[in-house]
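This briefing concerns one protein model and is arranged by topic. Please consult the sequence and the structure shown below while reading.

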Amino acid sequence: MPDFFEGGEGLARDLDAGETVVIPAAGHLAPREQPAAFCTLLLEFVRRLP
């Protein structure tokens with residue numbers, strides 16, 4: 001749904017610390033629907049933080 005993409009992109013831009021990522025076969029509850037993919041992305045993000 002376009003609303004989610006626009007909201008995510010705006011939030012990433014405003015916080016200047018994130019990015020928009022689409023996890024295939026996951027909806028609004030990505031951590032529950034695709035936990036391995038979500039954890040991988042989360043750990044990669046945290047490792048890039050100063």
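L11 counts as exposed at 51% relative accessibility, where exposed denotes over 50% relative accessible area, buried under 20% and partly exposed the range in between (1.4 Å probe, protein chains only). The model is predicted: local features need pLDDT of at least 70, side-chain atom pairs count only at pLDDT 80 or more, and totals for chains, interfaces and linings use all residues. Residues are numbered from 1 along each chain as its sequence is written, and side-chain values use heavy atoms, with hydrogens and water left out.

**Helix α1**
- L11 is placed in helix α1, a helix being a DSSP run of H or I with at least four residues, numbered from the N terminus, while a strand is a run of E with at least two.
- The C-alpha atom of L11 is separated by 19 Å from that of P31, 20 residues apart along the chain.
- G8 also belongs to helix α1, which covers residues 2–15.
- With a relative accessibility of 27%, G8 is partly exposed.
- Between G8 and A25, 17 residues apart along the chain, the C-alpha separation is 17 Å.

**Loop residue A25**
- A25 lies in the loop between α1 and α2, the latter spanning 30–33.
- The relative accessible area of A25 is 69%, so this residue is exposed.
- A25 has a positive phi, near 65°, and is not a glycine.
- Most residues other than glycine have a negative phi.

- V46 is situated in helix α3, residues 35–48.
- A relative accessible area of 45% makes V46 partly exposed.
- Together with L42 and L49, V46 forms a nonpolar surface patch with about 240 Å² of accessible area.
- Patches consist of residues with over 30% relative accessible area and no salt bridge, with like charges joined within 9 Å and nonpolar side chains (Val, Leu, Ile, Met, Phe, Trp, Tyr) within 5 Å.
- A salt bridge places a side-chain nitrogen of Lys or Arg within 4 Å of a carboxyl oxygen of Asp or Glu.

**Whole protein**
- The secondary structure comprises 3 helices and 0 strands, in the sequence pattern α-α-α.
- The C-alpha trace spans about 30 × 25 × 10 Å along its principal axes.
- Of the 50 residues, 8% are buried.
- The accessible surface, by the Shrake-Rupley method with a 1.4 Å probe, is about 4300 Å², and carbon and sulfur atoms contribute 62% of this surface.
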